[in-house]
Amino acid sequence: MIEDLKKLFLRFNYSDENGFIVNAPTLNEGEHLSIGFDNKRKEFNIHFTDDNINESGAKRRNFIFTMSAFRFFLFLNRFDTFYKHSIVNLILSSKTNLGKLKKHKFIVNTFVTSDEAEDKLIHKRKNGRHWKFRKNFDFDLIVDNFKYLEQEDLSSNKILLAYKYSKGNLSLQGFIYNFEHLTGIYFVPIKKYNRFAKNIAIAMYNYLNTYPTEETLPFRQQMYERLKHPYLSKEEAKRMQR
């Protein structure tokens, strides 16, 4: 799994003439996902690219989502208010205190949330447009910094991942929020967060289905399948564990 992490990358490209594009690898060998805005066509798109196809003129890209700039930014504007209202309700309805968190014996990692984590984990080049895990990174820095939650870990304006250790396994339990302007500690259990994420995805799917187009059909079909079958298939689960 660590070797797979080292192969991950994010690549950003932007120009006033062409627009922007973000590339990231998928679980399939020799394939990457691209999310971008084409400034010439004035459209937003999501597509997969097969890097194994090198023949000139051969189709390498599979577009699953295309939307005009006007419709895309209208969608963002309408969805933004709903999302902000939902995320605020999610956090504010989850107030807790240090005593309750310590009672559950939550474990946090002090390295992944530190200021030095990004520089030590990620190698950035080409003026920050290409991100990749450092091949020489010492993963013991992560392993050695798991600890039981204490007061000093709850510094202001920080989000922590809360874990539990049981029967030889470390499992994610939720997210701890401690923002100064909220004057309190908030814990969102992973199940509650997953319900929130699913409701957001359903709202997005319903919006796109209200204004259906042929260019968004593949994306809507994939969303429907994921919402209907939210868990990884056995084949995908095995691939993630390799």
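**Contacts, helices and loops**

Reply: Leaving out residues up to four places away in sequence, Glu31 touches Pro25, Thr26, Phe48, Thr49 and Asp51. Contact here means heavy atoms within 4.5 Å. This is a predicted model, where local features need pLDDT of at least 70, side-chain atom pairs count only at pLDDT 80 or more, and totals for chains, interfaces and linings use all residues. Residues are numbered from 1 along each chain as its sequence is written, and side-chain values use heavy atoms, with hydrogens and water left out.

Me: Where is Glu31, and how far is it from Asp51 in space?

Reply: Glu31 is in strand 3. Helices (H or I, at least four residues) and strands (E, at least two) are DSSP runs, numbered from the N terminus.

Me: Is Glu31 buried, exposed or partly exposed?

Reply: Glu31 is partly exposed, because its relative accessibility is 22%. Buried means under 20% relative accessible area, exposed over 50%, and partly exposed in between, with a 1.4 Å probe and protein chains only.

Me: OK, zoom out. How many helices and strands does the chain have?

Reply: The chain has eight helices and 13 strands. Of its 242 residues, 30% are buried. Among contacts with a separation of 6 or more, 45% are between residues 24 or more positions apart.

Me: Let's do helix 7. How many residues does it have?

Reply: Helix 7 has twelve residues, 217-228. From first C-alpha to last, helix 7 reaches 16 Å, close to the 16 Å expected at 1.5 Å a residue. The expected span is 1.5 Å times one less than the number of residues.

Me: Which residues of helix 7 are buried?

Reply: Phe219, Arg220, Met223 and Leu227 are the buried residues of helix 7. They cover an arc of only 95° around the axis, so they sit on the same side of helix 7. The arc is that of the directions from the helix axis to the C-beta atoms.

Me: Why would residues a few places apart point the same way?

Reply: An α-helix has 3.6 residues a turn, so residues three or four places apart point the same way.

Me: And what do the buried residues of helix 7 pack against?

Reply: They pack against strand 4 (43-50), strand 5 (61-68) and helix 6 (190-210).

Me: At what angle do helix 6 and helix 7 pack?

Reply: Helix 6 and helix 7 pack at about 145°, and their axes are 10 Å apart. Axes are lines fitted to C-alpha atoms, for helices over the stretch in contact, and angles run from 0 to 180 degrees between N-to-C directions.

Me: Which residues make that contact?

Reply: From helix 6 they are Lys198, Ala201, Ile202, Met204, Tyr205, Leu208 and Asn209, and from helix 7 they are Phe219, Arg220, Met223, Tyr224 and Leu227. The residues of this contact divide into nine nonpolar, one polar and two charged. Ala, Val, Leu, Ile, Met, Phe, Trp, Tyr, Cys and Pro count as nonpolar, Asp, Glu, Lys and Arg as charged, and the others, Gly among them, as polar.

Me: How many residues does helix 6 have, and what covers its buried ones?

Reply: Helix 6 has 21 residues and reaches 30 Å from its first C-alpha to its last. Its buried residues are Phe196, Ile200, Ala203, Tyr205, Tyr207 and Leu208. What covers them includes strand 5, helix 2 (69-92) and helix 7.

Me: What does Tyr83 contact?

Reply: Tyr83, which is in helix 2, is in contact with Phe196 and Ile200, leaving aside neighbours within four places in sequence. Tyr83 and Ile200 are 117 residues apart in sequence, but their C-alpha atoms are 7.3 Å apart in space.

Me: New topic: the loops. Where is Tyr211, and what does it touch?

Reply: Tyr211 is in the loop between helix 6 and helix 7. Not counting residues up to four places away in sequence, Tyr211 touches Arg71 and Arg78. Tyr211 counts as partly exposed because its relative accessible area is 40%.

Me: Last one. What is phi of Lys42?

Reply: Phi of Lys42 is near 55°, a positive value in a residue other than glycine. Lys42 lies in the loop between strand 3 (31-38) and strand 4. Lys105 is not a glycine either, and has a positive phi of about 55°.
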